[in-house]
Amino acid sequence: MTIAPKKLIPLLLLAAAASIVIPLVHPINGYLLNLFMQAATYAMAVLGLTVVLGYAGQISIAQAGFFGLGAYGVAIGTTMLHLPFLVALALGVCVAGLLGAILGASTLKLAGHYLAMVTISFQQILTLVLTNWISLTNGPDGIRSIPRPRLFGVSLEDSDRYLGLCLVVLYAVGVFVWWLKGTKLGLGMQAVRDNELAAEVVGVDTYRVKVTAFCLSALLGGLGGGLFAGGFGYISPDQFSFNESVVFLTMVLLGGADAAVGSVVGTALLILLPEWLRFLRGAYLAVYGLAVILIMVFMPTGLWGLLSKLGGPPRLRERDVPDVLTLGDPDAAQGGVLLEIKDLAKHFGGLKALDGVDITVERGKVHALIGPNGSGKTTMLNVLSGIYRPTRGEVIVDGVKVSGLAPHELAAAGVGRTFQNIRLFLSLTVLENVVIGAQRPHNSAAQTPEQVQRRAMAALEFVGMAARADLKVASLPYGHQRLVEIARALAGNPTLLLLDEPAAGLNLTEKQELVGLLKRLAGYGLTLFLIDHDMNLVEQMADRITVLNFGKRIADGAPADVLRHPDVIAAYLGEVPDDAAA
Amino acid sequence: MAIFLQLLFTGIGIGAVYSLVALGFVLIYRATNVVNFAQGEFAMLGAYAMVVLTEDVGLPYWAAIPVSLVAMGVIGALFNLGVYYPLRHRSFLPVVISTIGASILLTNSVLVGYGPAPESLAGMFEFPGFQVGEVFLDSQYLLIIVVTILLVAFQYFFFEHTLIGKKMQATSQDKEMASLLGIPVARMIMLTFIYSAILGGLAGILVAPILFVSVGLGSQVALKAFAASIIGGFGDVTGAIVGGLSLGIIETFGAAYISVPYKDAFAFLVLFGFLLIRPQGIFGEKVAQKA
């Protein structure tokens with residue numbers, strides 16, 4: 001959630017109500033009315049981009065295409081198929097949404113420039129079809145005399161009334177998009193945007209989230225386009241070209257991509273701008289292109305971002321005393337095996353990063369995995385959390401075979417993890433980061449949104465960060481970020497927690513605090529599987545140690561025995577002398 | 001058979017133009033990891049520079065070419081300073097949007113000056129071409145093919161056998177390491193932009209007699225060239241050439257045998273297929289995989 005200046009909300013409501021009522025009471029001239037109509041319908045499509053680009057961070061240069069699909073749905077539906085307006089609108093919106101989901105499906109393999117190119121190709125092909133499929137679309141001539149609807153017995157033929165309808169729909173869409181941001185889906189989208197890998201690992205089904213974002217965005221584009229067709233009564237293919245897609249993109253960026261209000265303001269500005277720049281007439285688009293560059297260079301967060309900054313630093317909210325964190329699985333006391341790794345191998349081409357490793361981790365114990373650099377420790381953790389698929393062998397957690405599952409499925413199965421190079425969702429607050437952790441599927445400790453919030457606060461309290469819940473996580477020092485990452489994992493109530501070098505980069509005091517925290521975790525009966533180079537920490541923490549070297553297990557047992565094992569000493573001191581100090 | 005060969009020749013000629021623009025794409029992508037969506041405008045500007053110099057200034061055709069190319073170099077430098085350099089530390093999205101903005105700016109500036117009516121530019125040779133058997137080899141297409149071959153040879157020599165070329169390669173592979181080794185990274189990127197703009201301008205000059213000079217020339221060529229780079233494999237010079245040639249051929253045959261109005265769609269359909277089945281392209285091997 002952006003820290004929306006609360007005082008603005010009543011003002012916004014007032015402005016929204018006035019914008020609907022005033023044209024009805026005091027008719028405005030046709031030209032201005034058309035501008036408003038354009039702004040209102042464009043803004044819906046721009047709000048779609050807020051979802052896909054602003055929230056989910058996926059580029060789409062095809063929004064004009066979806067806008068066009070909605071518009072042609074209404075035009076073809078009403079003038080050729082003689083459907084009622086609303087049915088035609090629903091048709092157009094559905095077609096747009098469906099194609100949006102299909103386009104979103106390409107995010108399985110593609111991101112960045114490639115995704116940009118796919119969306120551009122889609123846009124271009126659509127333009128070609130609209131221009132050339134003359135029997136359906138009437139080709140470049142476009143479709144005329146598109147009717148307006150009757151609603152509840154009231155004819156909206158009158159432009160002032162029709163504008164009222166558009167504005168009501170626009171505000172509803174705006175509120176929906178604003179509300180979406182704080183929901184589970186919305187937070188999942190933002191997690192994908194900030195750090196896709198971490199999002200997967202905390203249990204967000206990133207692919208589904210991306211497809212949903214594309215689909216929603218296309219639906220809103222189609223809705224705007226459908227109402228646009230009714231508003232202007234005439235449409236043609238050039239209104240929905242690549243250039244218009246760029247205009248939509250600029251509008252959302254000008255407003256501030258991840259803020260609903262900003263998107264509406266950005267749209268209104270860019271539609272009114274040509275009127276104010278009327279004296280430039282011919283050069284308008286050139287100035288516009290220049291403006292796009294300047295916005296990118298000088299206003300990375302858009303207008304809304306600037307406004308939010310004026311509001312000063314975020315105020316810390318008063319919160320209830322958090323719950324006590326419940327941790328670990330109820331079976332912990334019974335002992336037995338929680339994690340079983342059998343003959344696990346991971347090869348990268350000819351490199352055998354892991355080559356037939358067996359490890360057994362007992363329930364409620366702290367198990368450490370050590371080894372010199374390049375011995376395969378991090379590869380092991382990446383296989384365990386589903387980031388890599390093993391070449392051979394299997395991983396069994398709690399009696400269930402989990403090797404080969406996707407990271408979010410492993411998270412759902414109760415495997416949590418932290419990263420050596422901390423991976424947080426940097427544009428979100430501390431609390432939001434942890435809430436996303438608490439939202440992992442099948443989290444028995446937090447099922448309602450209310451419980452999720454309480455669980456997240458409890459996890460923050462446990463690591464001592466509750467007082468910083470409302471700060472942006474990016475503003476925290478390194479040591480605190482690590483604690484937040486641990487809290488994020490704990491909030492998901494894992495049965496097994498994988499810790500990838502938790503002490504890396506911490507100073508001596510912070511390390512001792514970390515040891516204290518981990519000991520408390522172990523005290524709750526949570527099973528920990530950790531990698532670290534700090535022998536002091538490993539010796540203090542571990543109940544059992546496994547040593548890897550060149551992808552093979554060279555020792556396994558109680559710390560005292562393992563650390564005196566000749567092969568282990570040879571691996572550390574004989575071959576990679578500098579490493580022990582790291 | 002004669003028609004087949006004739007189409008093949010035309011396809012290769014037009015594909016060579018896509019290759020030249022794609023080469024510019026790939027060079028900038030390798031140096032900065034950014035796709036320059038205004039690359040096509042370099043071609044458009046190159047063509048207009050020729051129109052201005054030959055018609056308004058009155059330079060002879062062959063003298064106008066070097067002057068245009070120098071002007072393109074200056075434009076490439078300014079482009080780097082204004083569009084890329086201020087955003088070099090940001091993620092790819094702002095940079096992409098910024099290059100799209102630059103494309104709008106450049107197109108419309110020319111539109112203000114010259115209007116939407118296309119200008120025509122004469123071909124480089126007076127004689128139309130050769131008749132070989134049943135195939136007519138148009139002189140302009142032949143020129144395009146020859147220039148492309150020479151440029152590819154030059155580029156290979158430059159990057160593999162000169163120090164400055166190697167420095168540019170080092171910059172593209174690892175900026176941080178390159179700067180630690182004392183390579184002036186910012187200057188190498190500047191050079192890349194200048195060279196790419198010249199390449200793009202040259203492509204525009206070569207293609208202008210065939211396609212007419214209009215403000216739409218840039219986007220027309222750029223999207224194809226971009227598609228060519230993806231088909232061939234981004235970050236690979238051979239890929240850009242092969243991708244461009246295949247696209248030119250596919251498009252020419254598609255238009256001749258399947259459908260003229262959907263001529264432009266073939267390129268995008270092939271592209272779609274590649275993106276979904278083999279996003280790394282024919283020659284590429286690395287699509288960013290993070291872990």
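**Entry 1: the hairpin**

I began with the hairpin of S3(A) and S4(A), in which 2 residues lie between the strands and Gly349(A) takes a positive phi near 60°. I note here that I am reading a predicted model. I then looked up how the two strands pair. Strand S3 covers residues 337–348 of chain A, strand S4 covers residues 351–362 of chain A, and they pair in the antiparallel sense over 9 bridges. I recorded two of the residue pairs. Ile341(A) has Ile359(A) as its bridge partner in S4(A), and Leu344(A) has Val357(A) as its bridge partner in S4(A).

**Entry 2: the sheet around the hairpin**

Next I asked which residue of S6(A) is the bridge partner of Lys342(A). I found that it is Glu394(A).

I then wrote down the whole arrangement: an open sheet of 4 strands in chain A, with the order S4-S3-S6-S7 and antiparallel pairing. S4 and strand S7 (400–401) of chain A stand at the edges, and each has a single partner strand, so one side of each is left without a neighbour in the sheet.

I also looked for a helix against these strands. Helix H15 of chain A, residues 377–384, lies across S3, S4 and S6 of chain A and runs at about 65° to S4(A).

I turned to helix H3 (residues 63–79) and helix H11 (residues 242–255) of chain A, which pack at an angle of about 110° with their axes 7 Å apart. H3(A) and H11(A) are therefore roughly perpendicular to each other. I listed the residues that meet: Gln63(A), Ala64(A) and Gly65(A) from H3(A), and Glu244(A), Ser245(A) and Phe248(A) from H11(A). By kind, the residues of this contact of H3(A) with H11(A) divide into 2 nonpolar, 3 polar and 1 charged.

**Entry 3: the domains of chain A**

I looked up how chain A is divided and found domain 1 (8–310) and domain 2 (362–381 + 415–581). The centres of these two domains of chain A, taken over C-alpha atoms, are separated by 44 Å. I counted the contact as 11 residues from domain 1 of chain A and 15 residues from domain 2 of chain A.

Which helices each supply at least two residues of the side of domain 1 of chain A that touches domain 2 of chain A? I found helix H8 (184–194) and helix H9 (196–201) of chain A. H8(A) gives the largest share of that side, 5 residues. The residues of the side of domain 1 of chain A that touches domain 2 of chain A divide into 6 nonpolar, 3 polar and 2 charged.

**Entry 4: chain A with chain B**

Finally, I looked at the contact between the chains, which takes 35 residues from chain B and 34 residues from chain A. On the side of chain B that touches chain A, the elements giving two or more residues are helix H3 (61–84), helix H4 (92–114), helix H9 (217–232) and helix H11 (263–277) of chain B. The largest share of this side, 14 residues, comes from H4(B).

Technical notes: Residues numbered from 1 in each chain as written. Chains lettered and ligands numbered in written order. Predicted model: local features only at pLDDT ≥ 70, side-chain atom pairs only at ≥ 80, totals over all residues. Pairing = 2+ DSSP bridges. Domains from an automatic or database assignment. Contact = placed C-beta atoms within 7 Å. Nonpolar A, V, L, I, M, F, W, Y, C, P; charged D, E, K, R; others polar. Axes fitted to C-alpha atoms, helices over the stretch in contact; angles between N-to-C directions. Parallel < 35°, antiparallel > 145°, perpendicular 65-115°, else oblique.
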